[in-house]
Amino acid sequence: MKIGPTQIILPGMSLEDTLGLCIEAGYDAVELTFTASGKDLNVEMSDDELQAVSRRCGEAGVTIAASIAHYAERGNLMSRDPVERRACSRCLARSLEIAGRIGTDAVLLHPGQLEAEGTYAQAWDDLVGALRELAPLAERHRAAIAVENVWNKFMLSPREAVQLTDEVGSEWVGIYLDTANMMAYGHPEHWIRDLGSRIRKVHLKDFDRGAGRFVDLMDGDTDWPAVIAELRAAGYDGTLIHEVGGDRAKQIEMAARMRRIVAG
């Protein structure tokens, strides 16, 4: 499995600096973010510019594990406001286009926050409908939509995650498994066993249940040998991307810890 960081936790770092960090730390993958305010990775980049990004990563020997792209108006696929839903769908469509141009095989989707208005079932149906609508675009660009289990009061169990992907009914829609986001109320091992091949990508984080907070990799309660064993049993051999913030020294240390985690 290839390891790397996500640019989500490297705010303001240019592509060149990100790749330099990867080379120095021994990361062989990276998750790229394209935003409306991004200087060298902007959501409005031309096809030629995006292809240049892909070439630069290839020259550095760093795989683009996945990508995230969004406009200033990110929207919310589970909002009762159709304007919010359309805004999020627009971001997701652009994210898929960018993924196709840079040659990555998945995009990260944070579907939005569950609101008090309406019902859980309405939010569920709206999300499933949007994913079904965009699955053909994902197939066209050969990039899966990977829905992350996030702290949004939604998709709280592996059973729901299985049901969501199966209801959409496309091999181009799966789960971006975060190994810590369920640890306040569950176990990552359960999610991996139930999801199996529905897992498209994996984020690594750690969680201290007693303190109720995220911590550095290997400083929390995650049973890393069990997590890696379950991922391998599920046939997952993709990238492992961490979401631990910190300075350059911290990022280099997380790379060393990730190598120990993968080695068992």
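Let me begin with a charge over a ring: Lys205 lies over the face of Phe214, at 4.7 Å from the ring centre, where a charge sits over a ring if NZ of Lys or CZ of Arg is within 6 Å of the ring centre and within 35 degrees of the ring normal. Arg90 likewise lies over the face of Tyr71, at 3.7 Å from the ring centre.

Before I go on, please keep in mind that this is a predicted model, in which local features need pLDDT of at least 70 and side-chain atom pairs count only at pLDDT 80 or more, while totals for chains, interfaces and linings use all residues. Residues are numbered from 1 along each chain as its sequence is written, and side-chain values use heavy atoms, with hydrogens and water left out.

Now to the aromatic pairs. A pair of aromatic rings is described by the distance of the centres and the angle of the planes. Rings of Phe, Tyr and Trp (its six-membered ring) pair if their centres lie within 6.5 Å, and planes under 30 degrees apart count as stacked, over 60 as edge-to-face and the rest as tilted. By this rule there are 5 aromatic pairs. In one of them, the ring centres of Tyr120 and Phe154 are 5.1 Å apart and the planes stand at 25 degrees, so this pair is stacked. Tyr120 belongs to helix α4 (residues 120-141), whereas Phe154 is in the loop between β5 (144-148) and α5 (158-168), so the pair ties together parts that are 34 residues apart in sequence; helices (H or I, at least four residues) and strands (E, at least two) are DSSP runs, numbered from the N terminus.

Is each of these two residues buried or exposed? Phe154, at 2% relative accessibility, counts as buried, while Tyr120, at 32%, counts as partly exposed; buried means under 20% relative accessible area, exposed over 50%, and partly exposed in between, with a 1.4 Å probe and protein chains only.

In another pair, Trp151 and Phe207 have ring centres 6.3 Å apart and planes at 70 degrees, so the pair is edge-to-face. This pair links distant parts of the chain, with Trp151 in the loop between β5 and α5 and Phe207 in strand β8 (residues 206-208), 56 residues apart. Trp151 counts as partly exposed at 46% relative accessibility, but Phe207 is buried, with a relative accessible area of 3%.

Finally, ring pairs also link Tyr120, Trp124 and Phe154 into a cluster.
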